[in-house]
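Thanks for coming, everyone. I'll keep this short. Please have a look at the structure first.

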Amino acid sequence: MEGAWIPLALTLKVAGWATLLNLVLGVGVGFVLARRRFPGRELLDALLTLPMVMPPTVLGYYLLVLIGRRGPLGAWLHAHFGVQLIFTWQGAVIAATIVAFPLVFKSARAAFEAVDPQLEQAARVLGLGEAAVFFRVTLPLAWRGILAGTLLAFARATGEFGATLMVAGSIPGKTQTLSVAVYEAVQAGQDDVANFLVAVTSVTCVAVLLAAGRLVPGRVAGAP
Amino acid sequence: MALTWDVDARRRLEHAQRRFELCVRFASDARRLVLFGPSGAGKSQTLKIVAGLTRADAGHVRLGGETLADVAAGIDVPARERRLGYVFQDYALFPHLNVLQNVAFGLQRGWRNAPREVRHDEVQRWMHALELAPLSRHYPEQLSGGQRQRTALARALVARPRALLLDEPFAALDPELRARLRDELADLQAELDLPLVLITHDERDARRFGDEVIEIDAGRVTGGGALREDRDRS
């Protein structure tokens, strides 16, 4: 049972990093899609939503092709920085980030679109620059929706299996996350280990969903 | 002496259903100027061009001789540098900030909002002048229409604007309150001697504030000058 904590710690590390990356990327992309008009906007939205509907193994395969040793990005990283992403926990972070990304940017876009542009105009007339408008008006009014999406992304990243297995493999203590460990335990006939891992995963996911449910905007943000 | 207001706002708007061409020109020395016309006539668009919130396709905006925008000359002073007080039709108070924070908004620099108990002389002055002091911890959703309007007015005045732009400031109020706040605003304007442009579709507003009235319909100026007697019925 001792060994069960290692995949849990690794899972939390991978999911945590993936969530952090998604928070920055998803808020940025969600804001641009909500507030800027440009040709191909909806096409871009659809493309970025693909990870939500495509089989994770297919995503994992795309990633392998891209960041593998002989992939364009992987070869470049290896030649210039000596970095290899395949079969590392950082590779698992990339897989989890991409799979969970739509959940963050979708909810961020919806949250930003729900903010009345007139409030941003009011802030501009009062002398604020664009960055100040974003941090003092837009983000505070949208953060509940963004946070709810971010927690869902965390839950999704925690449970990530297919893409992670393709990209990072299943190296115990290094890239073997909870969901992969469950699979390995069942394959090896270690039912008690599998039971424990499944229980830990379930509790984590339920806790995250409960937290997300509390944060979904229902009242005006900030009002007492 | 340069004119107080010199505006030439031209803009083409195209939506799926309709096409709208705005072409509003006026020049006036009136301290209190009213843009009068039915809703959808282009009054709000004109005011947003004056404030720099909407960019015109052609034309210029000059205030007291200073050019704030001139499309041909490539001048477009950003809204945040125009120092104009703007009161939006539904007041556009920040729902996540209390009355005090709303009023102090324009004085607070940086990327963070004022703390809930912010202290500032100028803010205190307007909170008292507009009888908002007892409401300072309230949030906009807890305010009545008149209180919202006064909060929006205080928020605009605290930033020491050089002129005040008001978009249908009384439309959201019930008739009794409307008359009272009309008097309040008129007194305040007289006291501050602040140039003011007010948008309305209500003739009573136009009579009260219209040192000069510009009539706008379907994106064009259709008449101007003082209100004529034959329309002076109520």
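This is a predicted model: local features need pLDDT of at least 70, side-chain atom pairs count only at pLDDT 80 or more; totals for chains, interfaces and linings use all residues.

Let's start in chain B, with strand E8, residues 163-167. How many of its residues are buried? The count is 5 of 5, so E8(B) is mostly covered, taking 20 or more other C-beta atoms within 10 Å as the cut-off for buried. In a regular strand, side chains alternate between the two faces of the sheet. Here, both faces of E8(B) are covered. On one side sit B:Ala163, B:Leu165 and B:Asp167. On the other sit B:Leu164 and B:Leu166.

Now the partners. Strand E7 of chain B, residues 84-87, runs parallel to E8(B), and 4 bridges join them. To find that pairing on your screen, look for B:Leu84, which stands opposite B:Ala163. E8(B) also pairs with strand E9 of chain B, residues 196-200. That pairing is parallel too, over 4 bridges. There, B:Asp167 stands opposite B:Ile199.

Strand E10, residues 212-217, is joined to strand E11, residues 220-223, by 3 bridges. B:Asp217 stands opposite B:Arg220. The hairpin has 2 residues between the strands. B:Ala218 in this hairpin has a positive phi, near 50°.

That brings me to backbone angles. Most residues other than glycine have a negative phi. Two more exceptions, one in each chain. In chain B, B:Tyr91 has a positive phi of about 80°. B:Tyr91 lies in the loop between E7 and helix H2, 99-104. In chain A, A:Phe87 has a phi near 65°. A:Phe87 is in the loop between helix H4, 72-81, and helix H5, 89-113.

Are these two buried or exposed? B:Tyr91 counts as buried, because it has 23 C-beta neighbours inside 10 Å. A:Phe87 is partly exposed, because it has 14 other C-beta atoms within 10 Å.

On to helix packing. In chain A, helix H2, residues 41-53, packs on H5(A) at an angle of about 125°. Their axes are 7 Å apart. The two helices are therefore oblique to each other. The crossing is left-handed. Which residues meet there? From H2(A), we have A:Leu48, A:Thr49, A:Pro51 and A:Met52. They meet residues of H5(A), including A:Ile98, A:Val99, A:Phe101 and A:Phe105.

Chain B has a helix pair as well. Helix H3, residues 121-129, and helix H4, residues 145-158, cross at roughly 145°. Their axes come within 10 Å. This crossing is right-handed. B:Glu122, B:Val123, B:Trp126 and B:Met127 in H3(B) meet B:Ala154, B:Leu157 and B:Val158 in H4(B).

Last topic, the two chains together. 22 residues of chain A are in contact with 20 residues of chain B. On the chain A side, helix H6, 117-125, and helix H7, 130-158, each supply at least two residues. Which helix gives the most to that side? H7(A) does, with 7 residues.

That's it from me. Questions, please.

Notes: Residues are numbered from 1 along each chain as its sequence is written. Chains are lettered from A and ligands numbered from 1 in the order in which they are written. A residue is buried if 20 or more other C-beta atoms lie within 10 Å of its own, exposed if 12 or fewer, and partly exposed in between; C-beta atoms are placed from the backbone. Two strands pair if DSSP finds at least two bridges between them. Axes are lines fitted to C-alpha atoms, for helices over the stretch in contact, and angles run from 0 to 180 degrees between N-to-C directions. Angles under 35 degrees count as roughly parallel, over 145 as roughly antiparallel, 65 to 115 as roughly perpendicular and the rest as oblique. A crossing is left-handed if the near helix is turned anticlockwise from the far one by less than a right angle, and right-handed if clockwise. Two residues are in contact if their C-beta atoms, placed from the backbone, lie within 7 Å.
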